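Please keep the sequence and the model in view while reading the points below.

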Amino acid sequence: MASIQTSSLLSCSSLSSRKTINAAIHVPKLPRFDVSLPKIRTIKKAEELKPRLPEKNTQLHDYIDEQQHSANSDALVQLYAILEAVADRVEMHNNIGEQRDNWNTLLLNSINMITLTATTMAGVAATCGAGAPLLALKLSSALLFSAATGMLLIMNKIQPSQLTEEQRNACRLFRNLQSEIETTIALGNPNEDDVKGAMMRVLALDKAFPLPLLGGAMLEKFPEKFEPAVWWPSKVGEGKGKSQRMGKRNGWSEELEMEMREVIEVVKRKDSEDYERLGNIALKINKSLAIAGPLLTGIAAAGSAFVGNDSWLSLVPLMAGSLGAVVNSFEHGGQVGMVFEMYRASGGFFKMLETCVESTLEEEDLERRENGELFEMKMALKLGRSVSQLRELASKSASYRMEGVFEIDEFASKLF
């Protein structure tokens, strides 16, 4: 019994000790914590950042964009069509210029050879006796002089050297227009004004440099008075496109306007007057030579009938034929007609500058003008100067003009 009690006590103590040990290692439950990770910020697309318009406004905006895009695309297609026509004209004027330069060389050499051959025959006929050989030489000389006279009349009428210079100028100006159209296309967003301006310039160039020689389309080679060439539209300011706006006054100021006016006054007083004077001199020389050449060969043709009569009249065809060859060589070999056309084109260039500046300054809305600083730079480049040199020229012109006015006022005060 005692052993049984002892074992029961031990079991009870062991159970109690187990209980105490279990209680010692018991871990209480931790409270739950809500852990939330930060959300990653996403980059919204450009379309999502735009303010959402109502459906009707969005449709209207899309319609306006579509109309502007179609208008720009139409203008771009038209500019490409004009560009193709301009490129074709460049090639055409270049080829015709080379052809007419060949005319000048071939006609000059042919007429001189005919004239000198007829003069030689007249000289041989003057030394041989009477008979059939004399008659044959006289007739041959007269026919050759007559042929040279007719060819000279045609050559002096059309002036091949002047025609060649016209085609050179036309080719150069069409190339200039071609590069401007290419620049407009490269800048993008051409409009209807660009198309109209290009069309007007093409038509003005076609009128200034016609290709036909018959039907009254050819330019007058011997006008009564020297006049500069005109190859620009009547309204220079049209079709220039959008101006590059810089500043509130678009780059213009009163000082710049006065500078442009002074530059144009200098061009009028000096360059335009010089080229007009030189052009009139070249015109008079060309007229005189164009009359003298056929007149001398005609006199030689008539004088061939008196060859072999043992008189001083035998010298007439010899002297007239030799002088005719000299005059023809000086006129067409020296290309006096080309020189006249060169002066005419140079005078037209300065006339175009005057017209461009005057039409620009007449525009009261400064925002519709071309940018002032850009306009000044273009003027300086066209006149072969830097911007600082152009400003210096304008300031000197203004000071000299004011000194001249003061001198006139002083003279008038002394006189009265």
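From the N terminus on, the elements of the protein run α-α-α-α-α-α-α-α-α-α-α, that is, 11 helices and zero strands. Helices (H or I, at least four residues) and strands (E, at least two) are DSSP runs, numbered from the N terminus. The model is a predicted one, in which local features need pLDDT of at least 70 and side-chain atom pairs count only at pLDDT 80 or more, while totals for chains, interfaces and linings use all residues. Residues are numbered from 1 along each chain as its sequence is written, and side-chain values use heavy atoms, with hydrogens and water left out.

**Overall figures**

- Of the 416 residues in the protein, 33% are buried; buried means under 20% relative accessible area, exposed means over 50%, and partly exposed lies in between (1.4 Å probe, protein chains only).
- Among contacts between residues at least 6 apart in sequence, 85% join residues at least 24 apart, where contact means heavy atoms within 4.5 Å.

**Packing of α5 and α9**

- Helix α5 (residues 160-187) packs with helix α9 (residues 336-362) at an angle of about 35°, and their axes are 7 Å apart.
- The axes here are lines fitted to C-alpha atoms, for helices over the stretch in contact, and angles run from 0 to 180 degrees between N-to-C directions.
- The crossing of α5 past α9 is right-handed; a crossing is right-handed if the near helix is turned clockwise from the far one by less than a right angle, and left-handed if anticlockwise.
- On the α5 side, the contact is made by Ser161, Gln162, Glu165, Glu166, Arg168 and Asn169, and on the α9 side by Gly337, Met338, Phe340, Glu341, Met342 and Ala345.
- By class, this contact of α5 with α9 has four nonpolar, four polar and four charged residues; Ala, Val, Leu, Ile, Met, Phe, Trp, Tyr, Cys and Pro count as nonpolar, Asp, Glu, Lys and Arg as charged, and the others, Gly among them, as polar.

- Gln159 is in the loop between α4 (132-158) and α5, and it has a positive phi of about 50° although it is not a glycine.
- Gln159 counts as buried, at 0% relative accessibility.
- Gln335 is in the loop between α8 (315-333) and α9, and its phi is also positive, about 55°, although Gln335 is not a glycine.

**Helix α10 and its ends**

- In helix α10 (residues 372-382), the residues Gly372, Phe375, Glu376, Met379 and Ala380 are buried.
- Seen down the axis of α10, these buried residues fall within an arc of 135°, so they line one face of the helix; the arc is that of the directions from the helix axis to the C-beta atoms.
- An α-helix has 3.6 residues a turn, so residues three or four places apart point the same way.
- Just after α10, Gly384 takes a positive phi of about 70°.

**Ser397 in α11**

- Ser397 lies in helix α11 (residues 387-415) and is buried, with a relative accessible area of 5%.
- Leaving aside neighbours within four places in sequence, Ser397 is in contact with Glu262, Val266 and Arg269.
- The side chain of Ser397 makes a polar contact of 3.1 Å with that of Glu262 and a polar contact of 3.2 Å with that of Arg269.
- A polar contact is a pair of N or O atoms within 3.5 Å; within protein, one must be able to donate a hydrogen and the other to accept it, and residues adjacent in sequence count only if both atoms are side-chain atoms.

- Thr117 lies in helix α3 (residues 55-127) and is partly exposed, with a relative accessible area of 33%.
- The side chain of Thr117 reaches the backbone oxygen of Met113 at 2.7 Å.
- Thr117 is 28 residues from Phe145 in sequence and 9.0 Å from it in space, C-alpha to C-alpha.
- Asn95 is in helix α3 and is partly exposed, at 39% relative accessible area.
- Asn95 and Arg168 are 73 residues apart in sequence and 10.0 Å apart in space, C-alpha to C-alpha.
- Ser179, in helix α5, counts as partly exposed at 33% relative accessibility.
- Between Ser179 and Leu83 there are 9.2 Å in space, C-alpha to C-alpha, and the two are 96 residues apart in sequence.
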